[in-house]
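Open the model in your viewer and keep the selection panel at hand. Each stop below tells you what to pick next.

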Amino acid sequence: MDGEERKETWDGFRELVNMTPAELEKWLESDRSRGAGQHQDGGESTGHASGRRIVEIRRTRKDDLTDDDYRHMRKVVGYIRRHLAQRPSGDVQDTKWRYSLMNWGHDPLA
């Protein structure tokens, strides 16, 4: 990944991931978090696993991020943007839509 791709990915990630590592960790411990998203064979959802990875990335110095970290950051940015475009009408406070986004580090009500 070249320097321009890294910068674009970094900027998008920092803009869209609006939960702190501590907020995201606390959220990931909740039943609402564990119940959101797509689960395969009763295991952890893709978004929940991504949330744990986002916490690690947010706690890593920028200079220590790997290409694999940047690939995951790009995946996060893409997911959040697509999901935001599908916002349901009405109050989203207690919706799986919001909970899924929060697993990916973005609280649309923040």
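**Stop 1: Val 76**

Select Val 76. Leaving aside neighbours within four places in sequence, Val 76 is in contact with Phe 13, Val 17, Ser 50, Ile 54 and Trp 104. Remember as you look that this is a predicted model.

**Stop 2: the nonpolar core**

Now widen the view. Val 76 belongs to the largest nonpolar core, which has 25 residues. Colour Phe 13, Leu 24, Trp 27, Met 73, Val 76 and Ile 80, the residues with the most contacts inside this core. Which elements give two or more residues to this core? They are helix H1 (3–16), H2, H4, H5 and H6. H5 provides the largest share, six residues.

**Stop 3: helix H6**

Select residues 96–103, which form helix H6. Seven of its eight residues are buried, so H6 is largely enclosed by the rest of the structure. The buried ones are Trp 97, Arg 98, Tyr 99, Ser 100, Leu 101, Met 102 and Asn 103. What covers the buried residues of H6? The cover includes helix H2 (21–28), helix H3 (31–35), H4 and helix H5 (67–84). Show these helices around H6 and turn the view. Then step just past H6 to Gly 105, which takes a positive phi of about 90 degrees.

**Stop 4: the largest pocket**

Rolling a probe the size of a water molecule over the atoms shows where empty space is left. In this model, the largest pocket holds about 160 Å³ of space. Select its lining: Ala 36, Gly 37, Gln 38, Ser 45, Thr 46, Gly 47, His 48, Tyr 79, Ser 100, Asn 103 and Trp 104. Colour the lining by class. Which helix gives the most to the lining? H4 does, with three residues. Both H4 and H6 supply at least two residues each.

**Stop 5: Gly 47**

Finish on one residue of that lining, Gly 47. Gly 47 lies in helix H4, which covers residues 46–58. Is Gly 47 buried or exposed? Its relative accessible area is 7%, under the 20% cut-off, so Gly 47 is buried. Show its contacts next. Not counting residues up to four places away in sequence, Gly 47 touches Asn 103 and Trp 104. Asn 103 and Trp 104 also line the largest pocket. Last, draw a distance from Gly 47 to Pro 88. The two are 41 residues apart in sequence and 19 Å apart in space, C-alpha to C-alpha.

How values were computed
Residues are numbered from 1 along each chain as its sequence is written. This is a predicted model: local features need pLDDT of at least 70, side-chain atom pairs count only at pLDDT 80 or more; totals for chains, interfaces and linings use all residues. Side-chain values use heavy atoms; hydrogens and water are left out. Helices (H or I, at least four residues) and strands (E, at least two) are DSSP runs, numbered from the N terminus. Buried means under 20% relative accessible area, exposed over 50%, partly exposed in between (1.4 Å probe, protein chains only). Contact means heavy atoms within 4.5 Å. On a 1 Å grid over the protein atoms alone, a cavity is a set of points where a 1.4 Å probe fits but cannot get out, and a pocket is an open set with protein on both sides within 12 Å along at least five of seven lines; lining residues have an atom within 4 Å of a point. Grid points are joined across faces, edges and corners, and a volume is the space filled by probe spheres set on the points. A nonpolar core is a set of buried Ala, Val, Leu, Ile, Met, Phe, Trp, Tyr and Cys residues joined through side-chain atoms within 4.5 Å.
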